[in-house]
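Please look at the fold below and follow how side chains from separate parts of the chain come together. The paragraphs after it take the contacts one group at a time.

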Amino acid sequence: MSLCDSCRSITLQKLTAPFPYDSASGSTRHNSLREGRITHFQHGYDLLESARHCTLCAMMQEALSQELLLEERHDRATTQLHPAVAGSHRLMELKRSLTSDPLELALMLDPLSCAFPHSAAIGVHLRGFSVIRQRSFREDGDSISGAVRLYTKDDDTTQLKDFTLGRQRLQDSGCEEAFDLVRAWIRSCRDEHVECRGTFSGAIVDETALPELPTRVVDVGSIDSTQHVRLFESNGIKAKYIALSHCWGPRDRPPLTTTRSNLQEYCHHIYWSNIPKTFQDAITTVRQIGFQYIWIDSLCIVQDDQDEWSRESVKMGSIYERAELTIAASHSSDSWQGLFLPRSESPPIVELPQFFQGNQASIKVFATIRRDQVDDTFPEHGPLSKRAWATQEWLLARRIVFYTNGQIIWSCKTITQRETGEKFYSTARNSKWKNIIEQYSERQLTNLTDRLIALEGLRTELQKKTADTYLHGLWKNSLPDQLLWQVTRKIHETCNPLQLPSWTWGSAPCGVRFVRIDGAKSLCKSIKWNGSRELFLCTKLKQLESLQQSSELGKYPLAVARDIQKSNAKETNSLHRSLYSANGEHLGWVVFDLWVEEPYSEPLFCLALMGTVSRRDEENEQRTGAGFSRKLREYWILVLKKCHNMESTYERVGVGKTYGRGWWQDTAMQDIKLI
């Protein structure tokens with residue numbers, strides 16, 4: 001198919017009008033682009049007819065259909081349809097959308113940082129343009145828009161002065177162009193990104209000095225195979241190295257491992273045919289980008305030597321942090337699947353012959369669309385994201401290249417970017433402790449006894465920065481806030497092989513979420529830790545009088561229903577139980593750590609940790625008799641049971657909230673021990 005007259009006439013000058021444009025030089029005045037909007041068709045329905053013979057119009061139609069598909073995923077009725085019927089439904093919806101009103105095009109611009117790893121003096125990243133249709137037939141009047149991506153070849157990039165365009169999608173993750181891009185990413189980040197020289201603890205890495213190699217690394221040999229792959233005992237030698245983050249896979253498909261019996265053999269030679277495909281592809285990448293060593297955990301730590309594993313596991317954080325680059329096999333479920341995974345067919349492309357004028361008229365600009373799915377592109381959706389050890393590997397690594405099903409993704413402390421040059425948001429870099437724990441706790445461990453050790457690298461680096469005290473997965477200066485966690489599913493039996501205290505999230509054998517504490521203040525007079533399992537708190541403690549099955553949210557007071565609906569854990573609605581006073585007044589709710597069908601037969605107690613009014617203000621209320629605030633009083637609580645034959649000693653059994661000042665009003669402060 002060829003281009004229609006409307007598509008053939010798309011130019012940068014038109015898309016930026018009425019903003020100043022110098023047609024002689026082919027650039028915008030004042031070295032700036034701004035988002036403009038032009039009419040592509042006076043009547044939106046003309047797009048469907050033109051798409052039958054125009055490649056670009058067909059792309060625009062597909063881009064709009066993709067947006068409708070995203071909406072369908074939120075529409076249960078449509079998602080139950082057969083795919084062919086659903087596709088017909090989308091076309092009918094698109095025909096309804098494209099009425100007699102105009103169809104418009106608008107530039108999509110990003111900050112200049114997206115020019116990385118190429119430099120541009122002044123300007124922006126021109127990602128492409130949006131195809132916009134205002135849906136006036138709907139009461140809400142929302143518009144529907146699809147995205148068309150623009151890119152140019154690398155040879156033309158240097159001719160662009162005021163802006164940059166994206167790059168062509170790679171045909172394969174293991175092609176020469178892919179290796180060139182990774183080399184360019186590393187070089188540009190190392191030379192230009194000051195922030196990426198800093199570690200998680202805030203220390204600065206001297207990029208001009210060679211780091212000390214880990215105890216053992218894999219020497220990747222040579223491309224021509226004149227030098228074999230082997231293990232290398234570093235003995236303090238300094239050199240740059242790469243690290244690998246990968247899935248070990250199920251027990252029946254384990255990775256290649258080093259043991260005491262094969263250590264000497266591997267130090268001499270590791271046969272290529274014995275190396276798993278993921279390791280082979282990683283070694284190939286290391287060779288191609290110009291490095292000699294790679295650290296792979298299963299090979300570089302002797303797996304049946306418990307003493308060595310204990311020594312080396314605590315160094316893992318530093319190993320990933322000091323690596324020049326971490327290669328993440330994010331979509332490979334085991335070490336045999338490979339790093340360079342098969343890709344889907346490339347989407348259509350078409351050249352825009354008149355996009356530039358003047359001195360830049362010779363630059364070829366191409367249009368395309370994205371067909372890659374979220375599950376195939378985002379590292380957070382790959383198998384590696386379900387591996388608990390990957391949490392600290394991703395957070396501590398200063399530079400990562402994620403190999404996904406559909407893209408290579410670069411992520412450093414300055415920018416996260418697709419191989420095509422588009423910016424990319426990834427949650428893998430969120431370094432807030434509660435966010436880390438919420439992600440980490442959902443992930444899988446081969447050995448449950450690693451529940452805390454798999455975070456040891458992060459703990460070590462963060463403690464260097466804060467000098468805070470670490471309490472079995474929590475931080476002392478963040479108490480009582482970090483005590484307010486809840487399970488994310490029904491747990492029917494305990495599983496706590498480390499015998500961790502009940503108050504830490506580490507004792508829960510599942511994912512956790514922290515309770516929202518918007519505007520909450522501590523109610524604890526003191527919180528002390530004895531260095532072992534015991535927390536000593538001085539705060540209000542009151543026996544719970546009545547506990548019932550949860551009710552429909554509509555039967556709760558508005559504030560209660562709102563909190564449950566907005567909970568950080570979407571399962572709160574099905575997990576919570578209702579709290580009542582002795583006279584039948586609704587007090588609040590609780591989510592138990594261990595699911596029980598029937599109410600507890602033994603007495604339960606509410607421990608007030610935080611409230612909308614501080615402890616001092618409540619004490620002033622009691623002393624003066626004057627209310628501090630007329631707003632509904634809220635209390636964040638732990639629910640406890642008393643330990644038998646142990647005075648003032650309790651175990652946590654759940655977390656929740658109570659509402660209203662009255663129930664707590666005459667409750668005195670108590671000293672309790674929580675284990």
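**Salt bridges and aromatic pairs**

At 24% relative accessibility, Glu104 counts as partly exposed, a label given to values between buried, under 20% relative accessible area, and exposed, over 50% (1.4 Å probe, protein chains only). Arg37 is partly exposed as well, at 48%, and the side chains of Glu104 and Arg37 meet in a salt bridge of 3.1 Å, N to O, a term that requires a side-chain nitrogen of Lys or Arg within 4 Å of a carboxyl oxygen of Asp or Glu. Glu104 belongs to strand S4 and Arg37 to strand S3, 67 residues apart; strands (E, at least two residues) and helices (H or I, at least four) are DSSP runs numbered from the N terminus.

This is a predicted model, in which local features need pLDDT of at least 70 and side-chain atom pairs count only at pLDDT 80 or more, while totals for chains, interfaces and linings use all residues. Residues are numbered from 1 along each chain as its sequence is written, and side-chain values use heavy atoms, with hydrogens and water left out.

The whole structure holds 33 salt bridges. In one of them, Glu207 and Arg398 meet at 3.0 Å, N to O, and the two residues, 191 residues apart, both lie in loops. Both Glu207 and Arg398 are buried. Another salt bridge joins Arg562 and Glu634, with the closest N and O atoms 3.4 Å apart; because Arg562 lies in helix H18 and Glu634 in strand S29, the pair ties together parts that are 72 residues apart in sequence.

Trp433 lies in helix H16 and Trp475 in strand S19, so the pair ties together parts that are 42 residues apart in sequence. Trp433 is buried at 7%, and Trp475 is buried at 3%. Tyr440 and Trp505 also form an edge-to-face pair, with centres 6.0 Å apart and planes at 85°. Tyr440 is in helix H16, and Trp505 is in the loop between strands S20 and S21.

Conventions. Rings of Phe, Tyr and Trp (its six-membered ring) pair if their centres lie within 6.5 Å; planes under 30 degrees apart count as stacked, over 60 as edge-to-face and the rest as tilted.
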